[in-house]
Amino acid sequence: MKRIDWNRLDDAARRAALARPAQSRSPALREGVETIIADVRARGDEALRELTARYDHATLDALAVTDEEFAEAEARLSPELKAAVREAAGRIDRFHRAAAPTAVSIETAPGVRVERVLRPIRRVGLYVPAGGAPLPSTAIMLGVPAAIAGCREVVLCTPLQANGRCDDAVLFAARATGVHKVFKLGGAQAIAAMAYGTESVPRCDKLFGPGNSWVTEAKLQVSGDPEGAAIDMPAGPSEVLVIADANANPRFIAADLLSQAEHGPDSQVLLVTPSDALLDEVEAEVERQRRELPRADVAAAALGESRLVRVSDLEQALDVSNRYAPEHLIIQTADPRALLDGVAAAGSVFLGEWTPESLGDYCSGSNHVLPTYGYARSYSGVSVASFQTQVTVQEATAEGLRTIGPCAATLAAAEQLDAHRRAVTLRLDAMGVSA
């Protein structure tokens with residue numbers, strides 16, 4: 001991890017210090033994804049079978065997971081894991097229901113009623129990766145809010161593993177959260193199938209979920225096509241920033257940093273603190289704990305792009321964090337809640353030494369599909385609202401039009417939109433009212 005003294009850097013050096021590892025959008029990647037998408041659009045299921053054989057080295061008869069395969073997957077899982085999935089889903093459901101948007105109906109003037117009604121997105125597509133490691137937690141995080149929103153059809157794609165099956169826990173989590181159909185598809189071809197539809201895979205209105213650079217590129221391409229599908233948010237590698245004071249536990253901090261570093265070699269982790277002694281202790285502890293990890297090499301690659309940042313005080317630490325806009329922000333200080341009002345940009349915040357980021361990843365109740373790569377400045381994590389549209393409704397009586405019609409006519413005239421103005425004044429004239 002590279003050590004930085006924030007107050008010795010000019011603005012350009014500070015920008016460089018907080019730069020993320022570059023995301024690959026090479027011409028070869030873009031062209032490769034374009035080719036896959038075009039092939040799936042042109043040949044449908046036939047292309048999906050050929051691409052699965054090429055990339056996953058598996059021959060598919062039926063693309064959809066069958067009831068028998070769901071039952072076999074459940075039977076192979078331990079009772080403890082199945083109970084953990086149900087327990088986590090229950091807490092996620094509880095929080096997401098409480099945080100869901102509500103309908104609104106108010107009278108903005110006598111005789112003028114304005115409403116907001118909520119409608120589920122009709123068909124949504126969920127992507128659950130299984131490359132470096134299967135992610136049943138992502139199936140829970142996406143399936144629960146989709147069910148609460150009332151989406152009519154929820155489709156999930158997840159790639160085959162080396163054993164020729166989809167991950168058992170992913171299948172169990174999908175069924176436990178009410179996903180309607182699961183397909184044995186991964187990569188850019190899965191995104192193309194859900195965005196445009198094939199003989200087997202239904203066309204979806206919006207796509208959700210993380211993935212590798214091919215999946216991310218495919219999501220960006222289909223979201224830029226009017227005939228494609230919307231997406232949840234731009235995605236990048238996972239990241240965490242920890243703000244800590246001199247009394248924070250270095251073992252806990254090291255464990256939190258490594259829990260993100262093990263995601264992948266392009267993940268990034270940062271510690272920001274005014275304590276030189278803590279920087280020393282955490283640096284040593286990270287290396288000690290890393291050597292004990294099965295994914296030690298992956299974590300080592302991520303740590304090469306990570307930072308230990310020395311600041312003057314916790315206020316400056318907040319400034320650094322807001323500038324970086326982390327996916328995950330952990331605050332391990334004597335009074336972490338005192339800093340919360342100063343957090344302007346973060347995907348999810350974890351307060352205190354007893355709140356590891358792992359709780360949010362799995363079972364605290366919040367959603368772990370979060371904006372990365374600085375998008376926390378303008379995007380929020382996935383929620384029930386992500387699976388809904390919010391439609392406004394207005395209704396005016398004659399009294400209401402008499403009350404606010406002159407205002408509308410005046411503004412329309414100022415914008416030189418005479419048809420807009422006349423749509424109001426013709427009605428006012430019919431009532432014998434002057435605009």
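Ser-259 has a relative accessibility of 16% and therefore counts as buried, where buried means under 20% relative accessible area, exposed means over 50% and partly exposed lies in between, for a 1.4 Å probe and protein chains only. The model is predicted, so that local features need pLDDT of at least 70 and side-chain atom pairs count only at pLDDT 80 or more, while totals for chains, interfaces and linings use all residues. Residues are numbered from 1 along each chain as its sequence is written, and side-chain values use heavy atoms, with hydrogens and water left out.

Ser-259 is placed in helix 10; helices (H or I, at least four residues) and strands (E, at least two) are DSSP runs numbered from the N terminus. Apart from neighbours within four places in sequence, Ser-259 is in contact with Glu-357 and Ser-358, contact being defined as heavy atoms within 4.5 Å. Gln-260 also lies in helix 10 and is buried, because its relative accessible area is 0%. With neighbours within four places again set aside, Gln-260 is in contact with Ser-238, Glu-239, Val-240, Ser-267, Val-269, Glu-327, His-328, Glu-357 and Asp-361. Ala-261 lies in helix 10 as well, a helix of residues 250-261. Its relative accessibility is 0%, and Ala-261 therefore counts as buried. Beyond four places in sequence, the contacts of Ala-261 are Ser-267, Val-269, Val-298, Ala-299, Ala-302 and Leu-303. Ala-261 and Ile-243 stand 18 residues apart in sequence, and their C-alpha atoms are 17 Å apart in space.

Gln-260 is also one of the positions in a UniProt record. The unreviewed entry lists Gln-260, His-263, Asp-361 and His-420 under "binding site". UniProt positions are given in the numbering used here, feature names are shortened, and annotations may be inferred rather than shown by experiment. These listed residues are spread over 161 residues of sequence and are also spread in space, with up to 54.8 Å between C-alpha atoms. Asp-361 belongs to helix 14, residues 357-362. Asp-361 is buried, because its relative accessible area is 13%. When neighbours within four places in sequence are left aside, Asp-361 is in contact with Ser-137, Met-141, Gln-260, His-263, His-328 and His-368.

Glu-327 lies in the loop between helix 13 (314-324) and strand 12 (328-332). With a relative accessible area of 5%, Glu-327 is buried. Not counting residues up to four places away in sequence, Glu-327 touches, among others, Pro-237, Ser-238, Glu-239, Gln-260, Gly-347 and His-368.

The domain assignment of the chain gives domain 1 (2-21 + 236-365), domain 2 (27-103 + 117-234) and domain 3 (397-430); such bounds come from an automatic or database domain assignment. The centres of domain 2 and domain 3, taken over C-alpha atoms, are separated by 49 Å.

A contact between two helices was also examined. The axes of helix 2 (residues 27-43) and helix 3 (residues 45-55) come within 6 Å and cross at roughly 140°. Axes are lines fitted to C-alpha atoms, for helices over the stretch in contact, and angles run from 0 to 180 degrees between N-to-C directions. Helix 2 is therefore oblique to helix 3, since angles under 35 degrees count as roughly parallel, over 145 as roughly antiparallel, 65 to 115 as roughly perpendicular and the rest as oblique. In this contact, Ile-36, Asp-39, Val-40 and Arg-43 of helix 2 meet Asp-45, Glu-46, Ala-47, Leu-48, Glu-50, Leu-51 and Tyr-55 of helix 3. The residues of the contact divide into six nonpolar, no polar and five charged; Ala, Val, Leu, Ile, Met, Phe, Trp, Tyr, Cys and Pro count as nonpolar, Asp, Glu, Lys and Arg as charged, and the others, Gly among them, as polar.

Leu-48, found in helix 3, counts as buried at 0% relative accessibility. Outside four places in sequence, the contacts of Leu-48 include Val-40, Leu-63, Leu-185 and Val-201. Leu-48 and Gly-186 are 138 residues apart in sequence but 9.5 Å apart in space, C-alpha to C-alpha.

Most residues other than glycine have a negative phi. His-57 has a positive phi, near 55°. His-57 is placed in the loop between helix 3 and helix 4 (67-76) and is exposed, with a relative accessible area of 69%. Phi of Tyr-373 is also positive, near 60°. Tyr-373 is found in the loop between helix 14 and strand 14 (388-396) and is partly exposed, with a relative accessible area of 24%.
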